[in-house]
Amino acid sequence: MSSMHLMLPEYLLAGFVLLTLVGNMVVGDRVRVASWLGLIGLLSSFVVSASIWSVSLKPAVLLNGGVVVDNYSLLVNLFVLLAGIGAILLGWGETRWGQEFVALVLVSVLGMMILGLAGNTIVLFLGIEVLSLPLYILAASEHTAAGGEAGLKYLLLGAFSSGILLFGLALLYGALGSLSFINFASLTNVGTPMMWAGLSLTLVGIFFKLGIVPFHMWVPDVYEGSPSAVTQLMAFGTKVGAAAILLRFLDFGFYLSPQWWGPALGYLAVLTMIVGNLLALPQTDLKRLLGYSGIGHAGFLLVGVATHSLDGARAMLFYLLPYGFAVLGAFAVLIFVAGNQDSVTLSDLKGLASRRPLMAAFFIIVMLSFAGIPLTGGFVGKFYLLQAALFANQPGLAIGLVVGTLLGLGAYLRPVQALFSPADESRPVPQWTVGGAIVLAVAIIGTIGLGVYPTPIVHMVNQSANFFWLH
Amino acid sequence: MLVVWLLAVALAGSLVTLWVPRQGAKVAAGIIGALLIILYIGLLLHPGQGVNVPWIPAWGIRFHLGSDGLSLFLLGLTVVMTEVAILASKPEWGRMYYFWILFLEFGSLGLFSALDLFLFYIFWEIVLIPIFFLLTSWSGVKGRRAAMKWLIMNLFGSLFMLIGVVAVAVIHTQPFGPLTFEIAQLAHLHMDARVTPWIFAAFFLAFAIKAPLWPFHGWMPDAYGEAPAPVTALLAGVMSKAGVYGFLRIMLPLFFPEFVRYQTGLLTLAVIGLVYGAFMALRQTDMKMVTAYASLSHIGMIALGIFSLTRVGILGATFQMVAHGLMIGGLFIILGLLEQRTGSRDISAMHGLNASAPRLAAYFLFFALATLGLPGLPGFVGEYLIIQGLVAHEVAFAVIAIIVLVMAAWYMLRVFQGVMQGPDRGQSILDLKAPQVWWIVPLAGLVLLLGVWPNGVTAAAVPSLYHAVHLFAVKGGGV
Amino acid sequence: MIPVNWVVALAAIIFAIGAIGVMTRRNPLIMFMSAEMMWNAAALAFIAFARQWHSMSGQVMAFLIVGTAAAEVGIGLAIIVTVYHRRHRLDIDEISGMKG
């Protein structure tokens, strides 16, 4: 297949970004037209990615090693497009966030897709920036004090972390003389101090994006202040993008020298799982709680990378999907409950079980998936990670995972119990929206489906992580 | 295949109750429960082979269900007790209540019939969820804290067990074995002596918390005390058996050498629970808590039977699991009826109720006598077998067990006398009425049947029981 | 000809100044400027290494950094101005209302 064909999902999406912008300019009912255009763009890119994926292809190295299209990158495409579709549907018809909302979401999703197929540090850097720049604007698009604060914090820490990342990349280039991941592999056995410093700084830059403790400070504030649909995109899409590039960077470029990064990642994973879930415990703002939960889940993802094994890579890739479905579902409910408000606290959830039983039931399923209770996808994902940790002979990671899960339990059960409290009659009854209902339905089907019969997805993920040389 | 039908009907039935009219939920649940009893009778007549199909082939996980001598009667206990609990519940508790009860039945049936370790673990956690919601929404003010305590304490054990589950499977692959979670294949696994104690501890913790065994019973007083009576009956009657069942189904085949090595410690733990439960039962003034601690004591007795590692002791424990489930469940439901009528659970607040409610008093006495082990009733049979198993090798423990049996008579009769006998102070309550008698009589009849014809259970259980728990190297004391 | 190491050392110093600036200053504008300094330090290092390895890719990277930085500044200044309009003061501790 030609390079044009292989990168069709990205080209399509880029084209639709332009179309959406033009649509914004020329048509009367701007937000609605832009939403439709954006949705069609994301869906068509999704379909094309899926169809290329199904022709099980050999990894294609394009653009002088800068881009690697393989089953892995295509699977990442599918995940981030799902997050993008979720963001568009959750923000459907919303005029508060400006008419560029859809175009910005599309650009950000494009950045995440670029991260999935990056093969050298130039594309890595471009992907991170294409992802981040629109998100800075989106984070600030809520016209409240919290919105401005979220945007500003995200911008400053984003620029800071990108600076660290860039300097790390520069040092790596200085130590190894190449920008391409594939060339790294043969050069990294002899560790010079400069390479070591470069690797550390690069990882720190990526950890900022992923929200790994101790580089997580921005996450809760930004999640709380951003519009909910955007927070969903950050929680799901950004995490997929950052995790994808972390895995590709380490298991492609540094797969022969895990001694440089394996142990450090293991300790950070345990620290993140424990701290993230621990800090989630006392939260009363639902978005903030999901922010800390996102930190905890980033720790779970890191377990897969830290094992440095094929199983770990597969488990991490698999875990992204149940986590993403749970995020989609949680934010859909959050938007229903919020109505015209900016934020949702636990007391806003009171009485949902009697006022909107179905909505409450779906919310319970989503929270149980976060907590990792069987028959939901979250359990299967944690099981896969546990398997990977024990196969890699790292019981410490397994114990950290279990302790993190236990701590998280308290955080996820409090909102569930709040559902059964007597309702505050002065609050309006939450109303369904069409877009949100579609997202919630997909999220619930996905969560339960992954929990009850994960076999097809496990197969798909195992296929997609096959390119690694870790056998 | 009947096992699968049992599970499918329970799951489908639980969903059906969500869609019937609000007032009809109890009737619908009752019909589904009865249907499950009929299916179970079919299973008793044609035990069959169960089902074994691939589920997640990439990880060697199979959907393997079956029923043998160990689980067959526990399945029966589940369907009977659930039906009784449904009938003892109030119609106004609504659809969700009956949904959770039937979902709990689905989980319990799966738990007792799963033969794949992964599948077992799934059901092991699934049963926690209905209880959590039943405690959250249908119990007293302190119910939420009890629910939280229940779930977090149980998951604390369970999640470490999950590490154990995966570790066992991983060790099985290590040099060349396939990745599998079949319990039968994992039995007699040779493990590294450095990791075995940890894996043993992980499994033991989970089962001991669920049972509960002393000192892991922290959730028990809250949960038993706060739950509505039918739910307490299910907790004490069915759920507590899940933990003990885990010892028999999972731990004995996998860790027999470790059981032999730690036997004295385990027996000590069980006997402390036995004595502690009995003393706590004596001290309580709340009749529900007396029964709760009595149940803790009984579970200690069952655990003694298992840890005796003799055939007769384990057979006694298996028998006692079923008998105790029926008896303690019945007792909790009777206490629930009493609480409904008097509005109190305090022993000292009630006197001479048998004057106004002779039938209620009679059934109360029957179940109380059954739990304290009166000869002719099943409690006696189970305890006799357990003590016989202990006498062979661990005489000291047998003596303590016998002393506690005497205490059991004391604390049970203390409740009965306090509530039912004594001077009549004009307290008058409603006696049992026709619909309640209809389902208490069969339950009492079942208990009586087990007492006079224990061979019905033991003879059916023995052959497959020894196969199921891999008792090839027991210390003797044959049956 | 200036040795490569000197240039890299200069880049490292600029990077350190930038990083310290972000962490110690409280005015978002200055913090943003310091972050941009870190970027420029990286670009400088890339150019120095490109000379060391005699390859063009480092210079390509430097160009991309400069271009992206321009885009980032555009967005960043817009956000800072919006926040300033709402508050009429720029102090990151004062803007920070979310805790926990």
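Two residues are taken to be in contact if their C-beta atoms, placed from the backbone, lie within 7 Å. The structure is a predicted model, in which local features need pLDDT of at least 70 and side-chain atom pairs count only at pLDDT 80 or more, while totals for chains, interfaces and linings use all residues. Residues are numbered from 1 along each chain as its sequence is written, and chains are lettered from A and ligands numbered from 1 in the order in which they are written.

The contact between chain A and chain B takes 22 residues from chain A and 23 residues from chain B. On the side of chain B that touches chain A, helix H5 (117-126), helix H6 (128-137) and helix H7 (143-173) each supply at least two residues. H7(B) gives the largest share, 13 residues. This side of chain B has 19 nonpolar, two polar and two charged residues; Ala, Val, Leu, Ile, Met, Phe, Trp, Tyr, Cys and Pro count as nonpolar, Asp, Glu, Lys and Arg as charged, and the others, Gly among them, as polar.

Chain B contains 19 helices and two strands, these being DSSP runs numbered from the N terminus (helices H or I, at least four residues; strands E, at least two). Its radius of gyration is 21 Å, close to the 23 Å that the globule rule gives for 479 residues, so chain B is as compact as a globular protein of that length. The radius is taken over C-alpha atoms, and the rule is 2.2 Å times the number of residues to the power 0.38. Of the 479 residues of chain B, 61% count as buried, that is, with 20 or more other C-beta atoms within 10 Å of their own C-beta atom, all placed from the backbone.

Within chain B, the axes of helix H16 (residues 378-393) and helix H17 (residues 395-420) come within 7 Å and cross at roughly 155 degrees. That makes H16(B) roughly antiparallel to H17(B), a term for angles over 145 degrees. Axes are lines fitted to C-alpha atoms, for helices over the stretch in contact, with angles from 0 to 180 degrees between N-to-C directions. H16(B) contributes Glu383(B), Ile387(B), Leu390(B) and Val391(B), and H17(B) contributes Val395(B), Phe397(B), Ala398(B), Ala401(B), Ile402(B) and Leu405(B). Nine of these residues are nonpolar, none is polar and one is charged.

Chain C has four helices and zero strands. Its radius of gyration is 17 Å, well over the 13 Å that the globule rule gives for 100 residues, so chain C is more spread out than a compact globule. Of its 100 residues, 35% count as buried.

Key:
Angles under 35 degrees count as roughly parallel, over 145 as roughly antiparallel, 65 to 115 as roughly perpendicular and the rest as oblique. A residue is buried if 20 or more other C-beta atoms lie within 10 Å of its own, exposed if 12 or fewer, and partly exposed in between; C-beta atoms are placed from the backbone.
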